[in-house]
Amino acid sequence: MTLALYGIVRADHPLPAGLRAVVLADLAVVVSDLGSGVELTAEDARSHLDVLCALMADGPVLPLRFGSIGPDDDSVRDNALRPDPEGLRLALDRLTGLVEARVHLTFDETAVLAALADDRPTLTRPVAGFEATIEQGRRIADQVRAWIDRRAGELLAGLATETVALGESDDGGRSWALLVRANQLDRIAAAVEALPDTVTARVLAPLPPYNFLSLRPKPVSRWGFG
């Protein structure tokens with residue numbers, strides 16, 4: 001038998017049909033029975049996230065990465081719960097009422113360069129020579145990233161309890177994970193609505209707080225949602 005692990009909750013956490021709890025005192029790992037030789041798919045990854053989001057409606061969840069598995073209940077207890085039960089309790093207490101929101105911001109490149117030119121007129125002055133041109137391009141790219149980080153910080157200020165930068169995407173946009181109160185997600189929607197035309201935003205919420213916890217030992221995983 002193989003067990004699929006979803007997340008760690010308090011032992012009295014309500015569970016949807018098809019799931020069960022592997023309990024140790026006041027803690028539990030939410031699992032389902034996979035059987036043997038089952039190959040997980042992208043559809044299973046979506047279902048994993050759906051399960052976590054459903055669990056969050058009834059209390060805090062410490063999410064485990066998709067692909068986290070265990071051979072039996074005792075192994076799950078020994079590896080997920082016994083090493084640090086007090087740390088798990090503290091994490092559940094800290095995350096009560098909180099969810100993760102992913103915010104992706106794309107800034108109009110022309111507007112960013114214009115703002116930089118106003119702030120640093122010498123940055124874009126013509127230079128002579130190949131090496132000088134390459135170096136200028138590097139400096140401009142660095143300044144663009146720094147400007148976007150500052151501007152995003154201004155736009156996202158006050159919306160979250162904690163914020164984690166997730167890095168740059170292929171489209172040149174930047175993403176952040178925000179730890180926010182579940183009952184205040186409308187503040188993010190209002191902030192996005194008020195953004196200037198030079199900024200495009202995408203928001204995905206509510207999500208399990210993957211970027212705001214540290215579980216030890218790390219669960220075995222093949223895929224994640226980061």
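How are helix 4 and helix 5 oriented to each other, roughly parallel or roughly perpendicular? These close-ups come from a predicted model, and the opening view takes up that question.

**View A. Helix 4 packs against helix 5.** Here helix 4 (residues 109-119) meets helix 5 (residues 130-156) at an angle of about 100°. Angles of 65 to 115 degrees count as roughly perpendicular, so helix 4 and helix 5 are roughly perpendicular to each other. Their axes sit 10 Å apart.

**View B. Zooming in on the residues between helix 4 and helix 5.** From helix 4, the contact takes in V112, L113, A115, L116 and D119. Helix 5 brings I140, Q143, V144 and W147 to the contact. Sorted by class, that makes seven nonpolar residues, one polar and one charged.

**View D. The hairpin of strand 7 and strand 8.** Strand 7 and strand 8 (residues 174-181) run in the antiparallel sense, paired over six bridges. Five residues lie between the two strands of the hairpin. In the turn, check out G172, with its positive phi of about 85°.

How values were computed
Residues are numbered from 1 along each chain as its sequence is written. This is a predicted model: local features need pLDDT of at least 70, side-chain atom pairs count only at pLDDT 80 or more; totals for chains, interfaces and linings use all residues. Side-chain values use heavy atoms; hydrogens and water are left out. Axes are lines fitted to C-alpha atoms, for helices over the stretch in contact, and angles run from 0 to 180 degrees between N-to-C directions. Helices (H or I, at least four residues) and strands (E, at least two) are DSSP runs, numbered from the N terminus. Angles under 35 degrees count as roughly parallel, over 145 as roughly antiparallel, 65 to 115 as roughly perpendicular and the rest as oblique. Contact means heavy atoms within 4.5 Å. Ala, Val, Leu, Ile, Met, Phe, Trp, Tyr, Cys and Pro count as nonpolar, Asp, Glu, Lys and Arg as charged, and the others, Gly among them, as polar. Two strands pair if DSSP finds at least two bridges between them.
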